[in-house]
Amino acid sequence: MPSPAATDPNPIHSGRSRIPALARLTSGLRWDLPASLVVFLVAVPLSLGIAAASGAPVMAGLIAAAVGGIVAGSLGGAPLQVSGPAAGLTVIVAGLIEQFGWPVTCAITVAAGVLQVLLGMAKVGRVALAIAPVVVHAMLAGIGIIIVLQQLHVMLGSEAGEAALHNILALPDSLAAVDPQAAFLGAVVIALLVAWKHMPAAIRRVPGPLVAVVAATLLSLPFNSDVDRITFDGSLLDALSLPHLPQGEWTAIAVGVVTIALVASVESLLSAVAVDKMHHGERTDFNRELLGQGAANMTSGMLGGLPVTGVIVRSATNVEAGGRTRKSAILHGIWVLVFSLLLAGVIQLVPEAVLAGLLIMIGIRLVKVADFQTARVTGDLAVYAATLLTVVFVNLLAGVLIGLALAVLLVVWRVVRASIHAEPLGSAAENRWRVVIDGSCTFLSLPRLSKVLAAVPPAAHVTVELDVDYLDHPVHDTLEAWRVRHVNNGGSVEIEETGTATLHAALAGTPARGSSRSALRGGFAPWRSWQRVSAPLAANAAGHVPAPVRSVLNGVDSYHRRHAHLLRPHVQELSTFQDPDTLFITCADSRLVPNLITSSGPGDLFTVRNVGNVVGNDRLEPSVEASLKFALDELSVTSVVVCGHSGCGAMTALLAGPGADQKAADRCPVDSWLDHGRPSLVAFQAGHPVQVAAEQAGYSAVDQLAMVNVAVQLERLQQHASLQDAVRSGNVHVTGLFYDIATARVLQITPSGISHLDPLPRAEEMSPA
């Protein structure tokens with residue numbers, strides 16, 4: 001008979017293919033196996049308690065725990081998240097059981113799972129995270145309060161009511177008729193759970209809930225039979241049951257399905273986000289997580305289990321216990337299943353008061369002081385309070401919807417609310433006022449805008465500073481109507497538009513929010529972009545501002561109002577000295593702003609400007625020589641930059657003008673100065689490498705010469721007597737730049753070519769060379 005190897009066409013390959021599969025199966029077990037046992041020990045008492053609080057069969061909690069671990073652990077997108085029955089759904093499930101019965105609630109769980117799968121297939125996993133965290137926190141806190149109010153009665157030996165208000169009003173009667181044995185057992189559980197976090201780390205490796213439940217149950221064994229204990233008929237297999245379809249009330253059924261699906265999804269996804277922050281391994285696939293949670297809920301509902309969600313308590317325990325892969329969650333579900341099948345009788349020894357004490361602590365931990373403080377600090381306290389109170393005293397769905405509506409309204413109010421104020425300028429006799437509108441100005445801002453404009457005295461000279469990123473048509477109409485009325489009453493109105501949204505745009509079409517990266521806001525745009533040429537002259541203490549200097553003084557005024565206070569902290573230490581890093585030699589052209597193109601500020605650049613950004617020969621140009629010596633000897637700069645630009649007038653004159661042999665009588669100072677640039681012209685005409693590279697890049701002859709001029713100035717600097725030694729030793733670096741005005745981009749120039757300092761512009765940003 002042939003051996004197995006003889007029948008295998010490739011026995012070596014077959015053996016190798018089995019080894020990786022086995023390795024994948026066993027990899028990480030040294031960490032996942034012990035972690036799964038710890039999570040199992042935590043999950044069993046919590047699952048029993050949640051089932052009891054929900055009014056569901058006790059075994060339904062264990063079914064959900066086993067399904068959550070095995071199904072969601074296998075299919076979900078959060079490898080270290082552990083799923084099972086969650087306290088956050090107890091109130092919802094209890095209401096559904098009360099209204100429809102347990103079998104129909106199981107059918108609702110199945111339908112909710114289907115909805116979760118559809119959401120996952122639609123890839124809306126991350127969209128679910130758009131729910132305001134303050135609403136989720138308040139929802140969980142409200143659920144925690146409901147659980148505490150219910151379970152207090154159970155711990156005292158009384159029956160809990162359905163409504164939170166009823167449980168509050170009935171608390172005195174329960175205290176008067178307290179069952180001492182039940183209260184003692186519940187108090188033991190609470191005391192152990194409170195004290196457990198203060199135990200040594202070695203002892204705390206054993207889960208506190210397990211210790212509390214076991215200890216209190218052992219203490220209850222000598223008690224008489226009056227202590228109410230967990231009861232159920234049959235084993236786990238007997239607890240398995242198929243769901244029943246509802247008979248009518250389809251609207252209420254649909255609301256229940258959507259509620260369970262959304263709450264379970266949000267809780268699972270938020271838990272996954274929290275777990276991701278606790279480890280450095282594989283990140284969560286949110287859409288896959290929805291698919292896994294949906295499959296788990298479909299399975300749990302079909303088997304007669306509670307709804308399943310990702311649970312942060314068990315997930316955090318899994319991470320802290322050393323879980324590395326999804327095997328820990330899957331194994332935890334297997335252990336729950338084995339326990340439920342073999343040791344179900346042990347469960348019936350647990351008193352109800354013991355689980356009540358455990359649930360009281362779970363409920364208290366859902367009410368987190370940190371969440372309340374965060375809501376107070378961030379201005380979301382009203383949303384938190386409204387959500388919590390509605391969840392507690394009305395129902396969970398209404399609380400979540402009200403919370404979301406308030407959160408959205410609050411965000412809209414914060415986003416669209418503009419900062420609007422008016423203030424007088426100068427003396428009272430000048431009658432000058434300023435109105436500042438900053439932010440997003442919409443029709444919602446009209447009450448405030450109208451109030452501020454009405455406060456401006458008639459016949460005042462008013463400057464309206466419109467620094468907004470969004471402005472709609474109603475605001476335009478309001479401002480225009482006020483402007484006309486104010487001018488007719490003898491006043492004047494000048495509107496400065498320095499934001500990314502304008503009055504003209506609001507009238508021309510659908511309003512749109514402008515980019516927050518506005519150069520106007522930074523004070524970099526030309527005066528013509530924000531100063532009204534036709535605006536009436538403003539008055540000051542010295543009289544009327546002359547028209548020729550109006551732009552300058554208006555610019556200074558804008559600087560004082562908008563930027564001086566922001567700049568002041570950065571320049572105070574520079575008031576007695578300067579310590580620039582770079583000597584920046586550039587052209588005197590008004591279109592080139594060194595600090596703008598280098599993103600530098602006061603004290604960074606020691607700038608020398610002249611026509612054509614030339615260095616000149618030794619001792620031929622004293623100003624450059626003096627600046628160079630001062631920069632090197634006194635300021636100890638570490639770099640020298642020569643920066644040219646496109647469309648340079650000096651280069652245009654060099655190309656078009658007469659040569660150096662022009663008669664002295666016909667030469668003007670500009671012609672004499674251009675002699676410094678004639679070596680660049682000679683190099684350009686001789687086919688300098690930079691000229692060749694610039695021509696290939698599509699630049700005009702003037703710009704080619706401007707780039708060659710930068711390269712020639714670099715060569716001069718490197719041969720300069722003051723710089724030679726410093727450059728050779730590496731103490732000073734020399735580089736060249738070229739500013740292309742049409743595209744607002746900067747290139748680097750070297751003696752041998754050109755290179756881009758940023759990605760090439762997109763097609764829509766390109767302009768003809």
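I started with the cysteines and found zero disulfides in the structure, taking a disulfide as a pair of cysteine sulfur atoms within 2.5 Å. C587 is in no disulfide, and its nearest cysteine sulfur, that of C648, is 4.2 Å away.

Before going on, I noted that this is a predicted model, in which local features need pLDDT of at least 70, side-chain atom pairs count only at pLDDT 80 or more, and totals for chains, interfaces and linings use all residues. Residues are numbered from 1 along each chain as its sequence is written, and side-chain values use heavy atoms, with hydrogens and water left out.

**Entry 1: more on the cysteines**

I looked up burial next, where buried means under 20% relative accessible area, exposed means over 50%, and partly exposed lies in between (1.4 Å probe, protein chains only). C587 is buried, with a relative accessible area of 5%. C643 is buried too, at 0% relative accessibility.

**Entry 2: the whole chain**

I counted 34 helices and 14 strands in the protein chain; helices (H or I, at least four residues) and strands (E, at least two) are DSSP runs, numbered from the N terminus. Of its 769 residues, 47% count as buried. I also checked contacts, meaning heavy atoms within 4.5 Å. Among contacts between residues at least 6 apart in sequence, 76% join residues at least 24 apart.

**Entry 3: the six-stranded sheet**

In what order do the six strands of the open sheet run? I read β10-β9-β11-β12-β13-β14, with mixed pairing; two strands pair if DSSP finds at least two bridges between them. β10 (605-610) and β14 (753-756) stand at the edges with a single partner strand each, so one side of each has no neighbour in the sheet. Neighbouring strands here are turned by 25 degrees against each other on average, direction ignored. For such angles, axes are lines fitted to C-alpha atoms, for helices over the stretch in contact, and angles run from 0 to 180 degrees between N-to-C directions.

T586 stands opposite C643 in β11, the buried cysteine from my first entry.

**Entry 4: the four-stranded sheet**

I found another open sheet, of four strands in the order β3-β4-β5-β6, again with mixed pairing. Its edge strands, β3 (419-425) and β6 (492-497), each pair on one side only. Neighbouring strands are turned by 15 degrees against each other on average, direction ignored.

Strands β4 (residues 432-441) and β5 (residues 461-471) pair in the parallel sense over ten bridges. Looking across to β5, I saw E465 opposite V436 and V468 as the bridge partner of G439. Eight of the eleven residues of β5 are buried, so this strand is largely enclosed by the rest of the structure.

**Entry 5: helix α13**

Does the length of α13 agree or disagree with 1.5 Å a residue? The expected span is 1.5 Å times one less than the number of residues. The 18 residues of α13 (residues 286-303) should span 26 Å, and the end C-alpha atoms are 26 Å apart, which agrees.

D285 caps the N-terminal end of α13, with a side-chain oxygen 3.3 Å from the backbone nitrogen of N287. Buried residues of α13 include F286, L290 and A295. The helix's buried residues pack against α4 (58-75), β1 (83-84), α6 (102-121), α12 (250-276) and β2 (309-310). After α13 comes G304, with a positive phi near 90 degrees.

I noted E249, which has a positive phi of about 50 degrees although it is not a glycine. E249 sits in the loop between α11 (236-239) and α12 and is partly exposed at 48% relative accessibility. A459 has a positive phi near 65 degrees. I placed A459 in the loop between α21 (446-454) and β5, partly exposed at 29% relative accessibility.

Conventions
A polar contact is a pair of N or O atoms within 3.5 Å; within protein, one must be able to donate a hydrogen and the other to accept it, and residues adjacent in sequence count only if both atoms are side-chain atoms.
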